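Please find below a note on the model under review, arranged as numbered points.

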Protein chains: 2
Amino acid sequence: MRLSDSIEQFIKELLNEESTEVELKRNELAEYFGCAPSQINYVLATRFSPDHGYLTESRRGGGGYIRIVRVVQAGSQRLMYLVNDRIGDSLEEEECLRLISQLKEQRIVTADEAALMASVISGRALAVPVPDALKNAMRAKMMKSMLMTIAARNRD
Amino acid sequence: MRLSDSIEQFIKELLNEESTEVELKRNELAEYFGCAPSQINYVLATRFSPDHGYLTESRRGGGGYIRIVRVVQAGSQRLMYLVNDRIGDSLEEEECLRLISQLKEQRIVTADEAALMASVISGRALAVPVPDALKNAMRAKMMKSMLMTIAARNRD
DNA sequence: CATTCTCTGACTATCTTTGACCTATTGAGT
DNA sequence: ACTCAATAGGTCAAAGATAGTCAGAGAATG
């Protein structure tokens with residue numbers, strides 16, 4: 001079996017038993033599997049990306065760590081549908097607003113949060129000299145990023 | 001756990017129980033934690049800066065001390081200061097994160113909102129081929145836009 | 001074979017901790 | 001008042017401890 005698959009499986013077992021998040025030391029893990037530390041980054045990038053339903057955060061320096069949070073779960077199906085299927089690589093402002101408004105009606109986000117989301121993807125907030133096509137690409141990424149964050153808290 | 005984190009936590013507990021300010025002896029604290037005195041300065045610089053919502057003052061010589069004050073400010077006042085003075089035309093990701101974290105500590109935004117804000121200004125959310133200078137200009141606008149939205153509901 | 005996926009290593013970036021040296025304040029002795 | 005020793009805290013650079021990035025070699029796949 002491939003090294004990457006072993007590491008992936010190892011991490012997923014930790015996530016199953018313990019809960020929805022694990023914290024590990026990159027160097028320790030690499031030593032355990034007898035591989036280069038950067039291999040761990042490869043596994044994170046290819047198997048624990050947001051598109052796979054995971055969020056990661058890390059710190060360097062003494063006492064550094066890597067934390068992996070599993071986001072995909074029952075209650076957030078609607079959100080994961082939006083992230084994985086509904087939203088593509090580009091999204092116009094009007095469409096963003098429609099989605100946000102739907103989420104509010106469905107009580108997935110509060111009115112305050114909806115207002116926050118709407119304000120940040122607005123034309124006013126993105127008023128810099130960048131082509132519209134790129135702005136819409138950013139809107140798609142911004143929306144996905146926010147929805148993932150919301151999904152990460154709705155773990156039920 | 002990191003030494004710096006322990007010291008940070010220790011000081012924050014003092015600030016919670018007693019009031020909005022504490023006075024400490026640098027050398028005593030260093031001895032208590034068994035570290036170099038300058039370690040204390042490091043903790044103050046990285047975790048109790050004005051951006052983190054704290055002010056510090058100190059005196060040298062006999063009877064010297066370090067005083068740490070947690071800044072309390074009305075929500076809308078704080079937000080308007082950020083929008084009008086603190087945030088200019090450009091803001092790096094790290095600086096955004098510092099401000100967001102401070103707003104959370106001061107209970108001006110909820111933890112959920114802070115997470116939402118952090119996710120949308122992150123490098124991941126803005127990963128399109130646009131120069132960093134422009135991304136930072138956008139971050140400034142995005143932050144202002146979000147803060148104004150929050151201010152619009154915080155009538156205090 | 002060509003392509004795509006894995007894996008490594010050299011280089012880089014970031015965070016923490018310490019120690020040597022510097023500056024300010026106080027108080028005793030003159 | 002003046003001086004100096006004792007007592008604080010401040011600064012900064014260097015070392016230590018982690019993690020990230022990226023190009024290219026190697027392996028698997030179709």
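The points below begin with the basis of the model and then turn to its features.

1. Basis. This is a predicted model, in which local features need pLDDT of at least 70 and side-chain atom pairs count only at pLDDT 80 or more, while totals for chains, interfaces and linings use all residues. Residues are numbered from 1 along each chain as its sequence is written, chains are lettered from A and ligands numbered from 1 in the order in which they are written, and side-chain values use heavy atoms, with hydrogens and water left out.

2. Extent of the interface. The size of an interface is often given as the accessible area lost when the parts come together. Here, chain A and chain B bury about 2,600 Å² between them, with 70% of it on carbon and sulfur atoms; buried area is the accessible area (1.4 Å probe) that two parts lose on being put together, summed over both. On the side of chain B, the residues that lose the most area to chain A are Arg2(B), Leu116(B) and Met138(B), together 25% of what that side buries. Chain A brings 32 residues to the contact and chain B brings 28 residues, where contact means heavy atoms within 4.5 Å.

3. The side chains of Asp112(B) and Arg153(A) meet in a salt bridge, at 3.3 Å from N to O.

4. Make-up of the chain B side. Helices α6 (111–121) and α7 (132–153) of chain B each supply at least two residues of the side that touches chain A; helices are DSSP runs (H or I, at least four residues), numbered from the N terminus. The most is given by α7(B), with ten residues. By class, this side has 16 nonpolar, four polar and eight charged residues. Ala, Val, Leu, Ile, Met, Phe, Trp, Tyr, Cys and Pro count as nonpolar, Asp, Glu, Lys and Arg as charged, and the others, Gly among them, as polar.

5. Helix α6(B). Among the buried residues of α6(B) are Glu113(B), Leu116(B), Met117(B) and Ile121(B); buried means under 20% relative accessible area, exposed over 50%, and partly exposed in between (1.4 Å probe, protein chains only). The cover over the buried residues of α6(B) includes α6 (111–121) and α7 of chain A, together with α5 (93–105) and α7 of chain B.

6. Salt bridges in the whole structure. Side chains of opposite charge can pair when their charged atoms come close. Over all chains there are 25 salt bridges. One network of salt bridges links Arg2(B), Asp5(B), Glu8(B), Lys12(B), Arg47(B) and Glu105(B). Within chain B, Arg2(B) pairs with Asp5(B) at 3.5 Å between the closest N and O atoms. Arg2(B) counts as buried at 16% relative accessibility, and Asp5(B) counts as buried at 16%. Lys12(B) forms a salt bridge with Glu8(B), the closest N and O atoms being 2.9 Å apart. Because Lys12(B) and Glu8(B) are four residues apart in helix α1 (residues 3–17) of chain B, they are separated by about one helical turn.

7. Arg47(A). This residue is found in helix α3 (residues 37–47) of chain A and counts as buried at 15% relative accessibility. The side chains of Arg47(A) and Asp5(A) are joined by a polar contact of 2.6 Å, and those of Arg47(A) and Thr46(A) by one of 3.0 Å.

8. Cysteines. Which cysteine sulfur is closest to that of Cys96(B)? It belongs to Cys96(A), at 19 Å, too far for a bond. Cys96(B) is buried, with a relative accessible area of 0%. The count is zero disulfides over all chains, a disulfide being a pair of cysteine sulfur atoms within 2.5 Å.

Notes: Salt bridge = Lys/Arg side-chain N within 4 Å of Asp/Glu carboxyl O. Polar contact = N/O pair within 3.5 Å; in protein donor to acceptor, adjacent residues only side chain to side chain.
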